[in-house]
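The sequence and structure are shown first.

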Amino acid sequence: MGLLDNLKNVLGSKKKDDIEATTKAPSQVLRENGIEASGLKYQFGSDGSVTLGGTIQQESDRQAIIDLLKALPGIESVNDQMTVAAPAAAAPAEPTPPPAASAPASEPSAPAAPADRAAAGGTYTVKSGDTLWNIAKSHYGDGSKYMKIFEANKGVLDNPDRIFPGQELVIPKLD
């Protein structure tokens with residue numbers, strides 16, 4: 001069943017020529033509005049809902065995509081299951097401050113290893129392109145521990161897939 005057949009089911013019984021003449025594919029509408037849609041997957045429900053999954057390039061595109069799709073004829077609601085692609089290159093690490101005057105000169109200071117950071121706990125400010133998986137990998141050395149961070153931040157986060165630049169997250173110690 002093709003996209004136009006799905007739209008026909010969503011819009012109701014109309015002649016195929018009428019649908020083709022008046023309806024554009026969602027991916028076409030997104031591209032016309034400057035949003036890269038090649039990583040998205042659409043699932044149309046008979047109740048006028050669209051489940052939207054896949055990967056988007058920027059968090060800022062999320063709401064624009066939802067608004068554009070809701071404006072299409074026959075789409076009543078959009079179930080957002082999109083994820084943001086990881087940034088192409090990680091930002092360089094901040095330089096380590098020089099050792100304190102009381103520290104022996106023969107012991108250079110080194111950046112904390114993920115296990116050391118996990119033991120210490122702390123906070124982290126979300127940057128553009130971050131995911132909880134990447135934050136967990138950076139702090140714990142294992143991205144699959146992202147739910148530990150989510151659980152510790154339920155007062156700030158509603159969904160582990162929705163974090164935004166500027167949010168201050170608690171990074172809990174690993175048990």
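A residue is called buried if its relative accessible area is under 20%, exposed if the value is over 50%, and partly exposed in between, with a 1.4 Å probe and protein chains only. The model is predicted: local features need pLDDT of at least 70, side-chain atom pairs count only at pLDDT 80 or more, and totals for chains, interfaces and linings use all residues. Residues are numbered from 1 along each chain as its sequence is written, and side-chain values use heavy atoms, with hydrogens and water left out.

**Overall make-up**

The chain contains 7 helices and 5 strands; helices (H or I, at least four residues) and strands (E, at least two) are DSSP runs, numbered from the N terminus. Their order along the sequence is α-α-α-β-β-α-β-α-β-α-α-β. Of the 175 residues, 31% are buried. The accessible surface, computed by the Shrake-Rupley method with a 1.4 Å probe, comes to about 10,900 Å², and carbon and sulfur atoms account for 51% of that surface. A contact means heavy atoms within 4.5 Å. Among contacts between residues at least 6 apart in sequence, 54% join residues at least 24 apart.

**Strand 2 and its partners**

Strand 2 (residues 49-56) is largely enclosed by the rest of the structure, because 6 of its 8 residues are buried. Two strands are treated as paired if DSSP finds at least two bridges between them. Strand 1 (residues 40-44) runs antiparallel to strand 2 and is joined to it by 5 bridges; Gln43 has Thr51 of strand 2 as its bridge partner. These two strands form a hairpin with 4 residues between them, and Gly48 in the turn has a positive phi of about 90°.

With strand 3 (residues 77-84), strand 2 pairs in the parallel sense over 8 bridges. Here Thr55 stands opposite Thr83. Together with helix 4 (residues 61-70), strands 2 and 3 make a right-handed β-α-β unit; right-handed means that, with the strands pointing away from the viewer, the path from the first strand over the helix to the second runs clockwise.

In helix 4, the residues Asp61, Arg62, Ile65, Ile66 and Leu69 are buried. They fall within an arc of 135° seen down the helix axis, so they line one face of helix 4; the arc is taken from the directions from the helix axis to the C-beta atoms. Their cover includes helix 3 (26-32), strand 1, strand 2 and strand 3.

Helix 6 (residues 132-140) has Leu132, Ile135, Ala136, His139 and Tyr140 as its buried residues. These cover an arc of only 100° around the axis, which puts them on the same side of helix 6. Gly141, which follows helix 6, has a positive phi near 80°.

**Aromatic pairs**

Rings of Phe, Tyr and Trp (its six-membered ring) pair if their centres lie within 6.5 Å; planes under 30 degrees apart count as stacked, over 60 as edge-to-face and the rest as tilted. The structure holds 2 such pairs.

| Pair | Centre to centre | Angle between planes | Type |
|---|---|---|---|
| Tyr42 and Phe44 | 6.4 Å | 20° | stacked |
| Trp133 and Tyr146 | 6.0 Å | 40° | tilted |

Trp133 lies in helix 6 and Tyr146 in helix 7 (residues 146-152), so their pair ties together parts that are 13 residues apart in sequence. Tyr42 is partly exposed at a relative accessible area of 23%, whereas Phe44 is buried at 16%. Trp133 is partly exposed at 43%, and Tyr146 is partly exposed at 25%.
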